[in-house]
Protein chains: 2
Amino acid sequence: MRVVDIIRAIRDKLPVDPNDIRQFALDLGRGKVPDYQASAFCMAVFHQGLSNELTVALTLGMRDSGRVIEHPEAESARVDKHSTGGVGDKISLPLAPLVASCGLCVPMISGRGLGHTGGTLDKLESIPGFRIDLSIKRFTQLVAELGLSLIGQTNDLAPADRRLYNLRDVTATIESIPLITASILSKKLAEGIDSLVLDVKCGCGAFMKNEQQARLLAESLVRVGSGAGLNMSAVLTRMSAPLGRTIGNSLEVKESIEILKGVGPKDTTELTVTLGAEMLLLGGAAIDREQGKHAIHAAIDSGHGLEKFRALVEAQGGDARAIDNPEKHMPKSQSTTLVIASHGGFVSAVDSFALGMAAMKLGAGRQTVTDTIDPSVGIEVLANLGDNIEPGAPLARVHHNKDAASLFSEIAAAFDVAESRPDVTPLVIDKIAGQDLE
Amino acid sequence: MRVVDIIRAIRDKLPVDPNDIRQFALDLGRGKVPDYQASAFCMAVFHQGLSNELTVALTLGMRDSGRVIEHPEAESARVDKHSTGGVGDKISLPLAPLVASCGLCVPMISGRGLGHTGGTLDKLESIPGFRIDLSIKRFTQLVAELGLSLIGQTNDLAPADRRLYNLRDVTATIESIPLITASILSKKLAEGIDSLVLDVKCGCGAFMKNEQQARLLAESLVRVGSGAGLNMSAVLTRMSAPLGRTIGNSLEVKESIEILKGVGPKDTTELTVTLGAEMLLLGGAAIDREQGKHAIHAAIDSGHGLEKFRALVEAQGGDARAIDNPEKHMPKSQSTTLVIASHGGFVSAVDSFALGMAAMKLGAGRQTVTDTIDPSVGIEVLANLGDNIEPGAPLARVHHNKDAASLFSEIAAAFDVAESRPDVTPLVIDKIAGQDLE
């Protein structure tokens, strides 16, 4: 089928042979499909959708457009987690070592942050010396020996996704569930994994603003991932307030260490345990979620998770003293400023998008892909949703290196303090497993 | 507004400033908008439509992306006709000289044929010596002195349209009424006309297969053309059978001369008179359609239309003897073959698409833009819709230069001969003037 005929069939919701879509994706990665046809394809999919069968074909074609990593020496199941991104989401950092310490392999390839959300790579790179640009050979070696490695996307993985993603960004075709699905899964499949747990966030700080949209995306990811041969489950989580107590790279590493030590915030600890249990279950290291949770808690209590994280940092060139004594060895900002409440009452909303943007402006994130990051800056969130506070109570501690005065009122305004106690909805909204959708 | 934001707004049916759309079209013509954004724009318009106001803005921007011809020396109103294309449609050839002989100026820039429909330029070039590649200076000079000139599209007219059209062809975005409207009108507006009459065809041989679609296109063209400052009217015509008695370039020139002599077929003569009357009315050379028809009939009866055609041919380098004695001086095929009816009855359908394709295969048209045309070949249609014929009666005379045996049965099959007399619907279905839509 010619590309123009594929586009026309999608445009008109007519049948298309999955092999044609798979070939289209392969040709995309090889540069054989011109940009103008790829973008017309994306806009047609935006308007008309794409069946699960065709989204599986697109995903597999995108995966196969580049290198697919193999792990011949890894002795246990390979599981990974992907989050659709949120403010203060550092869960990968404690999660990967905890799961690895329970005996599974976690070959995790992550991205950088853009806009109001941070990226796992940026957080890792705030650890002095930590290298995310390992060779694939070293990556698979670490996965086999240590049970985990965390690196950045390389050019030879799913090149069709990179092409399509760059085009979608400039042709207003980002917000399409089948295209988001194929983009996420093609990259994850290229890691050579068996199982994948998704953390699909919804709320003001997330890509999906409402639960219905987030649920549709989660279901699409689970269905298509299952169709592409993965064990899949998705956890639907609330992103109506920042996750945990910190936003900013070095600060989030410190919080991750606290989680691994069993002294982390309640919400990030809960999410780490929940996602870890799902990963153990999918990877066959637990027989049910309860047992999975127990195993993750045990890995925290025994210190095995923290040990694994320390080993990872050392293996990837980082300074292990930063893990042992983060206060001394992690980057620190020159100044901190407390932002306080002008009146008392209940913290009824914390605008995670606004805090994410403020952290970006401090230097913790990127406005454009070429911006450089200051690992030391960020925001500590001191007042949580539902807290009853007095006038003058601290809302946040801002870690900054330059004059950040203009941001303080912006940060204060992100906290809504009202007279009545708000309903605080649970962090985990729902879990969607592959078999639930059959 | 950035291009990506324009695309997003159209995608979501949100308001867009017409100035932004106009600038988009100008930038398209200057190569400042990349292909991938242009094609995403087209697919978004395909799915979501475009308001009349924005289609006017797109049209004017596309017109202004290149040269807009001026006619400072033309002393009367400048009118033109555009047809959406049909099989056997040679109406421009008799129409332009008839209207010019009634005192208006006809600056006509035409296209070539592709697929099953022929192009005015190809028909004109079948006249030995006729040049369609005059300079714009010579074109405006002829319009001022002679009242008409017929030339081909030049690269500096509406370059944004050329870019968009080429992209639409390979991105499955041809069939969009706002995009068709802007494409047709931007080119016509660049001719420097005041008034435009449209012949919008519907039926199996036309681009628009059903009346409803054709009517929507006609209304869009009239509304947008009026919004862009033209006096507009559209005539909706049936294309369920080929127009007139001939398909093929030299044969169609001969039929055009017959129309100008008052001995043409009933349907092509009727359409010439109808469209001519509309042009005279819009151009202010007639006070109503009745008077306009009279004037066109008079230009036929007096021979002034034929004289004007002869003058045009001479002025554009053609051999005027071809007009005086077409049998002798127009190109002729080496062979003719009669295709006859296998059984008797009423001619209940004549498949103009099938006959157009057969003529193309004979060499009268192009399968791809690089094909060359044989001016001498074609098909004379001898049995008309509604005729009661005997077995063995002639259906068509095929004019061919090569062995065309394989096409004879295809041509015969285009004629449906049935037992009962068919309803023959009138050629002209409706007329839509600018004021009808206000």
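This is a predicted model: local features need pLDDT of at least 70, side-chain atom pairs count only at pLDDT 80 or more; totals for chains, interfaces and linings use all residues.
1. Residues are numbered from 1 along each chain as its sequence is written, chains are lettered from A and ligands numbered from 1 in the order in which they are written, and side-chain values use heavy atoms, with hydrogens and water left out.

2. Two copies of a chain are related by a rotation about an axis and a shift along it.

3. Chain B holds an open sheet of 3 strands in the order E10-E8-E12, with antiparallel pairing. Strand E10 (388-389) and strand E12 (415-418) of chain B are at the edges, each with a single partner strand, so one side of each is left without a neighbour in the sheet. Strand E8 (residues 345-350) of chain B is joined to E12(B) by 4 bridges, and the two run antiparallel; within this pairing, Ala349(B) has Asp416(B) in E12(B) as its bridge partner. Strands (E, at least two residues) and helices (H or I, at least four) are DSSP runs numbered from the N terminus, and two strands pair if DSSP finds at least two bridges between them.

4. Over all chains, a search of the whole structure finds 63 salt bridges, each being a side-chain nitrogen of Lys or Arg within 4 Å of a carboxyl oxygen of Asp or Glu. In one of them, Asp430(A) pairs with Arg215(A), with the closest N and O atoms 2.7 Å apart. This pair links distant parts of the chain, since Asp430(A) is in strand E13 (residues 428-433) of chain A and Arg215(A) is in helix H10 (residues 211-227) of chain A, 215 residues apart. Asp430(A) is partly exposed at a relative accessible area of 27%, and Arg215(A) is partly exposed at 25%; buried means under 20%, exposed over 50% and partly exposed in between, with a 1.4 Å probe and protein chains only.

5. A further salt bridge joins Arg397(A) to Glu380(A), the closest N and O atoms being 3.1 Å apart. Arg397(A) lies in strand E11 (residues 394-400) of chain A and Glu380(A) in strand E9 (residues 378-381) of chain A, 17 residues apart. Elsewhere, Arg112(A), Asp122(A), Glu125(A) and Arg366(A) are linked in a network of salt bridges.

6. Leu338(A), Ile340(A) and Leu382(A) make a nonpolar surface patch of about 240 Å². Patches are made of residues with over 30% relative accessible area and no salt bridge, joining like charges within 9 Å and nonpolar side chains (Val, Leu, Ile, Met, Phe, Trp, Tyr) within 5 Å, and accessible areas come from the Shrake-Rupley method with a 1.4 Å probe, where for residues only the protein chains shown count as cover. Ile340(A) is found in strand E7 (residues 335-340) of chain A and is partly exposed, with a relative accessible area of 46%.
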